[in-house]
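Here is a briefing for a reader who has not seen this structure before. It takes the topics one at a time.

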Number of protein chains: 2
Amino acid sequence: MTEKLLESQADIFKALAHPVRLQILQMLKPGERCVCELVVDTEKEQPNISRHLAILKKDGILGCRKDGTRVMYWVRDRRAFELLDLCREMLKSYYQEKSEFF
Amino acid sequence: MTEKLLESQADIFKALAHPVRLQILQMLKPGERCVCELVVDTEKEQPNISRHLAILKKDGILGCRKDGTRVMYWVRDRRAFELLDLCREMLKSYYQEKSEFF
DNA sequence: TTTATATATAACAATATATGAATATAATGA
DNA sequence: TCATTATATTCATATATTGTTATATATAAA
């Protein structure tokens, strides 16, 4: 039971553990976007973005719907953004401590 | 710059993306512990735990100090626990939605 | 129907991450 | 010094993840 919870938790963090996926989430903060917009903005290959989206969807972080030929993706639970913000805050302190950039 | 931030953020999430490492963090919630205690409580091999600890330390999540033959580890920034809690809350809603266990 | 556009999937190579077993190191105490 | 205990590291290997290219699917428009 606890083991199962730890694994689910790890899966969420695993889904967040890639710069492109974090970038995608950031771009979805104002609301849903279609794949093609994400491809343009990230400057990555379309299949690459599609797969990252599939990972985020599989772990329940994103939802999606079809709209004509397009597929719109959005963040299902806005607490995901809190996770990202909290992490950024931690990094900020960490780098200030080491008197590095930021 | 933003790219560097995204990568640092991803590194933090990557460090959290393993059930054993999450278990270790949970065990460090009350305060510092030595490696041998973590080995006993997790029921994992000692080299395995050492390596997971090294990963958490490399990414700035854990600190450590020697105490005789022992090495004590602790969580450097308690906001790490907030990350875990927030993640668990998200999972809770998610599973309730799907009317699964929890 | 044909064509164009948007998206997803498959196949592959490259890289990263995981584990267990064996070994190395470092501090302590006899 | 030698033996013991605690911890870290190395090696071999298995598995997972990533990016790229090519291809498949699905919708819409001509």
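Between chain A and chain B the rule finds zero salt bridges, a salt bridge being a side-chain nitrogen of Lys or Arg within 4 Å of a carboxyl oxygen of Asp or Glu. This is a predicted model, in which local features need pLDDT of at least 70 and side-chain atom pairs count only at pLDDT 80 or more, while totals for chains, interfaces and linings use all residues. Residues are numbered from 1 along each chain as its sequence is written, chains are lettered from A and ligands numbered from 1 in the order in which they are written, and side-chain values use heavy atoms, with hydrogens and water left out.

**Interface of chain A and chain B**

- Chain A and chain B each bring 40 residues to the contact (heavy atoms within 4.5 Å).
- About 3,700 Å² is buried between chain A and chain B, and carbon and sulfur atoms give 73% of this area; buried area is the accessible area (1.4 Å probe) that two parts lose on being put together, summed over both.
- Four residue pairs, both residues at pLDDT 80 or more, are in polar contact between chain A and chain B (N or O atoms within 3.5 Å; within protein, one must be able to donate a hydrogen and the other to accept it, and residues adjacent in sequence count only if both atoms are side-chain atoms).
- Helix 1 (2-16), helix 2 (19-27) and helix 5 (79-97) of chain A give two or more residues each to the side that touches chain B; helices (H or I, at least four residues) and strands (E, at least two) are DSSP runs, numbered from the N terminus.
- Helix 5 of chain A has the largest share of that side, 15 residues.

**One residue at the interface**

- A:Gln9 belongs to helix 1 of chain A.
- A:Gln9 has a relative accessible area of 1% and is buried (under 20%, with a 1.4 Å probe and protein chains only).
- Beyond its neighbours within four places in sequence, A:Gln9 is in contact with B:Leu22, B:Leu84, B:Cys87, B:Arg88 and B:Leu91.

**DNA strand C**

- Of the 23 residues around DNA strand C, those that come nearest are A:Cys36, A:Gln46, A:Ser50, A:Tyr73 and B:Arg51; a residue is near a strand if one of its heavy atoms lies within 4 Å of it.
- Helix 4 of chain B gives the most to the surface near DNA strand C, five residues.
- A polar side-chain atom of A:Gln46 is 2.7 Å from a base nitrogen of DNA strand C.
- Phosphate oxygens of DNA strand C lie 3.3 Å from a polar backbone atom of A:Val35 and 3.0 Å from a polar side-chain atom of B:His52.

Technical notes. Buried < 20%, exposed > 50% of the residue type's maximum accessible area, 1.4 Å probe, protein only.
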